[in-house]
Amino acid sequence: MTGLEHIHGGDLTGACDRYGLDLSEIADFSANINPLGPPPAVFRELARNMDLIRHYPEPRCKKLKLALSSYLGVPPECLIIGNGSSELIYLLVREVNCRRALTLAPVFSEYGLAVLSVGGEVREVSLNPGDGFALPVDEVIRGLPGCELAFFCNPNNPTGRLEQRVEMERIIKSAKHSGTLVAIDEAFMDFIPDRDDYTLLYRAASREGPAVLYSLTKFFGIPGLRLGAMVAPPELISKLEAARDPWSVNIMAQVAGEVALQEVAYARETRQLVQRERRFLESEISRLQGIKVFPGAANYLLLDIRGTGLTSSVLTGKMGAMGILVRDCSSFTGLGQGYIRIAVRLREENRRLLAGLQKVTGGI
């Protein structure tokens with residue numbers, strides 16, 4: 001596999017410089033973050049605890065781990081907290097001595113990059129846009145032998161597709177026979193109203209379970225603080241804890257995480273808002289010439305723009321000049337210049353996005 005690079009949404013400083021705009025002029029649809037922003041209680045708690053920056057953070061995040069253990073319904077000894085999920089992806093790859101990993105295309109690039117960073121090889125299973133990027137379970141199972149790790153993202157990023165639990169269970173069962181550790185990134189699972197019907201957290205805490213990645217960054221709107229976790233069998237967690245860098249999770253991130261997990265009403269409002277606005281965007285975008293929208297389950301949508309006659313880089317540039325940032329998906333393996341990804345945001349911002357797309361693509 002070649003061509004992987006670190007390209008992410010949300011580079012607002014770079015966008016301001018590139019388009020000559022002030023931060024206040026930009027509507028950012030390139031990063032899949034909660035449109036409500038952080039819970040107000042997080043700001044209050046951070047302000048009250050600013051004096052804590054004079055002290056070292058708790059190296060194993062004990063208080064946050066207990067809070068997250070209760071929130072997710074898993075034992076604390078099956079949890080490790082990280083400076084975002086990316087830290088834990090790289091840590092996992094190193095500690096299982098991964099020489100070959102299986103992953104999907106398209107999918108979040110950090111899995112493959114982590115494997116390449118240790119000199120490993122990545123085996124890709126392609127997803128087909130013709131069938132809505134459905135997970136080809138049989139092909140995946142055939143590719144497992146010889147792989148130390150197999151990475152999946154559910155809901156998948158960037159396609160937004162949510163796979164059924166029974167399909168993931170088939171893969172996990174087959175991976176056990178091939179000696180492959182399955183790692184499932186559930187970074188966007190909190191946005192799913194019926195998440196308990198899809199999550200595999202309960203399996204991750206068992207002795208022979210997969211490793212499940214969890215993000216507090218996306219759902220609780222705190223990407224600048226970097227906060228993620230992994231749920232896995234206790235033996236693997238102990239190994240990862242012993243190998244990790246000390247104090248990787250700063251003290252303000254730990255404070256924010258503890259508070260955010262208590263915001264039940266905020267979580268409910270977020271799910272309702274995202275579900276409503278995603279349906280609105282799907283309906284309105286489907287009326288635009290040359291754009292096909294793939295149904296999504298989380299807080300973002302993948303758009304096929306090949307019918308517009310514009311490449312993703314050209315469309316992204318035209319939208320950016322209007323202060324509307326969308327994600328050029330050409331860096332995702334298997335998508336090329338025909339796709340962009342948009343985040344689901346508030347209604348006023350979503351209307352601005354629609355107006356920009358209409359202007360760039362020539363109307364309805």
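## The surroundings of Leu 68

Leaving aside neighbours within four places in sequence, Leu 68 is in contact (heavy atoms within 4.5 Å) with Gly 73, Leu 79, Ile 81, Tyr 214, Leu 216, Ala 229 and Leu 261. The model is a predicted one, in which local features need pLDDT of at least 70 and side-chain atom pairs count only at pLDDT 80 or more, while totals for chains, interfaces and linings use all residues. Residues are numbered from 1 along each chain as its sequence is written, and side-chain values use heavy atoms, with hydrogens and water left out.

## Nonpolar cores

Leu 68 also belongs to the largest nonpolar core, which has 93 residues, and is listed among those with the most contacts inside it, together with Leu 92, Leu 135, Phe 151, Phe 152, Ile 171 and Met 230. Such a core is a set of buried Ala, Val, Leu, Ile, Met, Phe, Trp, Tyr and Cys residues joined through side-chain atoms within 4.5 Å, where buried means under 20% relative accessible area, exposed means over 50%, and partly exposed lies in between, using a 1.4 Å probe and protein chains only. Helix 10 (residues 251-260) supplies the largest share of this core, seven residues. A second, separate core of 23 residues includes Ala 27, Ile 285, Leu 303 and Leu 354. In soluble globular proteins, nonpolar side chains tend to be buried together.

## The chain as a whole

The chain holds 13 helices and 13 strands, which are DSSP runs numbered from the N terminus, with H or I over at least four residues for helices and E over at least two for strands. Its radius of gyration, taken over C-alpha atoms, is 20 Å, close to the 21 Å that the globule rule (2.2 Å times the number of residues to the power 0.38) gives for 364 residues, so the chain is as compact as a globular protein of that length. The C-alpha trace spans about 55 × 55 × 35 Å along its principal axes.

Of the 364 residues, 57% are buried. Among contacts between residues at least 6 apart in sequence, 73% join residues at least 24 apart.

## Helix 4 and its partner

The axes of helix 4 (residues 85-95) and helix 9 (residues 234-243) come within 10 Å and cross at roughly 105°, which makes helix 4 roughly perpendicular to helix 9; this label covers angles of 65 to 115 degrees. On the helix 4 side the contact is made by Leu 91, Leu 92 and Glu 95, and on the helix 9 side by Leu 236, Lys 239, Leu 240 and Ala 243.

Helix 4 is mostly covered, with eight of its 11 residues buried, and Leu 91 and Leu 92 are among the buried ones, as are Leu 88 and Ile 89.

## Backbone features in the loops

After helix 4 comes Asn 97, which is found in the loop between helix 4 and strand 3 (100-105). The phi of Asn 97 is near 55°, a positive value in a residue other than glycine, and this residue counts as exposed at 51% relative accessibility. Arg 226, in the loop between strand 7 (211-215) and strand 8 (228-231), has a positive phi of about 60° although it is not a glycine, and counts as partly exposed at 29% relative accessibility.

A cis peptide bond joins Asn 154 and Pro 155, with omega about -5°, and a cis bond also joins Asn 157 and Pro 158, with omega about 25°. Pro 155 lies in the loop between strand 5 (149-153) and helix 7 (165-178), and Pro 158 is likewise placed between strand 5 and helix 7. Most residues other than glycine have a negative phi, and most peptide bonds are trans.

Terms used: Axes are lines fitted to C-alpha atoms, for helices over the stretch in contact, and angles run from 0 to 180 degrees between N-to-C directions. Angles under 35 degrees count as roughly parallel, over 145 as roughly antiparallel, 65 to 115 as roughly perpendicular and the rest as oblique.
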